[in-house]
Amino acid sequence: MAFTELKNYPFTDEQIQERIAAYTASDLKFFDYPKAYRFILNVIDLTTLEGSDNKAKVQQLCEKALNFRDEARQIPTTAAVCVYPPFAAQAKSILKDTDVHVACVAGAFPAGQSPIEIKIAEVAYAVSQGADEIDMVISRGKFLEGDYQTVYNEIAAIKAACGQAHLKVILETGELKTADNIYKASQIAIAAGADFIKTSTGKIAVNATPESFLVMLDAIKAHYEATGKMVGMKPAGGISDAQTAIDFLKILENVLGEKWLTNRYFRIGASRLADKILAEC
């Protein structure tokens with residue numbers, strides 16, 4: 001792509017705040033609250049990404065995702081479990097023949113500070129072990145230097161290494177800081193082949209915020225209006241209670257509308273949220 005053609009973000013910080021306030025104060029457009037909570041549960045990527053992760057913890061996580069289902073109460077499973085690559089094969093074995101996907105962080109998560117050859121090798125390994133989805137993180141240092149070509153090239157190379165697996169591209173918006181940076185990084189990720197764009201790793205102080213979420217949705221909307229291609233969205237990190245999840249859902253409804261109200265195009269990355277949502281179902 002021609003990086004001279006990257007668009008600046010068309011809204012001011014004040015306009016961002018006004019829009020968020022209006023959206024979150026509005027009623028849900030496409031759900032009543034019981035259905036909204038069941039929808040939120042079904043878009044969660046149930047996540048464990050700790051140095052202490054082990055086989056027993058991953059077993060427990062996978063069983064938890066499956067055990068949410070209660071057909072009598074119309075309660076679904078989560079969309080996926082998200083684990084480190086060494087646990088992909090185990091998770092795939094447990095979740096085989098279910099509708100819960102295996103997502104893996106790969107490509108030098110969370111810092112992104114490894115040579116591209118190592119990133120590609122890790123992604124290829126995760127896919128070979130059964131990952132249905134790859135969550136990679138961009139090289140924020142390269143982006144902040146203005147080296148957009150390298151950022152684009154790395155995403156495109158990792159997309160190729162994914163094969164049939166879906167690619168979620170993490171921008172780490174807390175390090176990009178400005179709406180303009182977030183908007184431009186979203187454009188680069190989408191152009192390079194991202195199936196989803198994702199806010200955060202959950203490993204720094206500032207993770208998913210309504211502001212970064214809105215900016216990224218605007219980038220997805222602009223791309224859809226220009227090309228007709230839908231790209232998914234995943235806020236992650238810090239969404240740990242039901243009201244916050246509802247607020248994010250209201251913003252999504254207002255910006256992108258009903259087409260995105262499926263776990264094919266919307267996910268929430270969380271480790272603590274699911275139990276709180278289940279309590280509301």
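These notebook entries record what I looked up in a predicted model.

**Entry 1. Strands β2, β3 and β4**

I began with strand β3, which covers residues 101–105. Four of its five residues are buried, and I noted the strand as mostly covered. I then asked which strands pair with β3. Strand β2 (residues 80–83) runs parallel to β3 and is joined to it by four bridges. Strand β4 (residues 133–137) also runs parallel to β3, with three bridges between them.

I looked up Ala 103 as a point of reference in β3. Cys 82 stands opposite Ala 103, and Ala 103 in turn stands opposite Glu 133 of β4.

I next followed the chain between these strands. From β3 it passes through helix α5 (residues 116–128) to β4, in a right-handed β-α-β crossover. I recorded another right-handed β-α-β unit, made by β2, helix α4 (residues 88–95) and β3.

**Entry 2. Helix α3**

I examined helix α3, residues 55–67. Its 13 residues reach 18 Å from the first C-alpha to the last, close to the 18 Å expected at 1.5 Å a residue. I listed its buried residues as Val 58, Leu 61, Cys 62 and Ala 65. Viewed down the axis of α3, the buried residues fall within an arc of 95°, so they line one face of the helix. On the other side of α3 I found Ala 56, Gln 60 and Asn 67 exposed.

I asked what covers the buried residues of α3. The cover includes β1 (44–47), β2 and α4. At the start of the helix, I noted that a side-chain oxygen of Asn 54 comes to within 3.1 Å of the backbone nitrogen of Ala 56.

**Entry 3. Helix α10**

I turned to helix α10, residues 210–227. I checked its length: at 1.5 Å a residue its 18 residues should span 26 Å, and the end C-alpha atoms are 26 Å apart, which agrees. The buried residues of α10 are Ser 212, Phe 213, Leu 214, Val 215, Met 216, Leu 217, Asp 218, Ala 219 and Ile 220. Among the elements that cover them I recorded α1 (13–25), α8 (173–176), α9 (179–191), β6 (196–198), β7 (232–234) and α11 (242–255). Just after α10, Gly 228 takes a positive phi of about 80°.

**Entry 4. Ser 139**

I located Ser 139 in the loop between β4 and α6 (140–144). Is Ser 139 buried or exposed? Its relative accessibility is 8%, below the 20% cut-off, and therefore Ser 139 counts as buried. I found a polar contact of 2.9 Å between the side chains of Ser 139 and Lys 119. Leaving aside residues up to four places away in sequence, Ser 139 touches Gly 112, Lys 119, Val 151 and Glu 154.

I looked up two glutamines. Gln 187 is in helix α9 and counts as buried because its relative accessibility is 17%. A polar atom of the Gln 187 side chain lies 2.8 Å from the backbone oxygen of Lys 7.

Gln 149 is in helix α7, residues 148–162. I recorded Gln 149 as partly exposed because its relative accessibility is 37%. I then asked how far apart Gln 149 and Phe 3 are. They are 146 residues apart in sequence, and their C-alpha atoms are 7.6 Å apart in space.

Technical notes
Residues numbered from 1 in each chain as written. Predicted model: local features only at pLDDT ≥ 70, side-chain atom pairs only at ≥ 80, totals over all residues. Heavy atoms only, no water. Buried < 20%, exposed > 50% of the residue type's maximum accessible area, 1.4 Å probe, protein only. Pairing = 2+ DSSP bridges. Right-handed = clockwise from strand over helix to strand, strands pointing away. Expected span 1.5 Å × (residues − 1). Contact = heavy atoms within 4.5 Å. Arc of directions from axis to C-beta. Polar contact = N/O pair within 3.5 Å; in protein donor to acceptor, adjacent residues only side chain to side chain.
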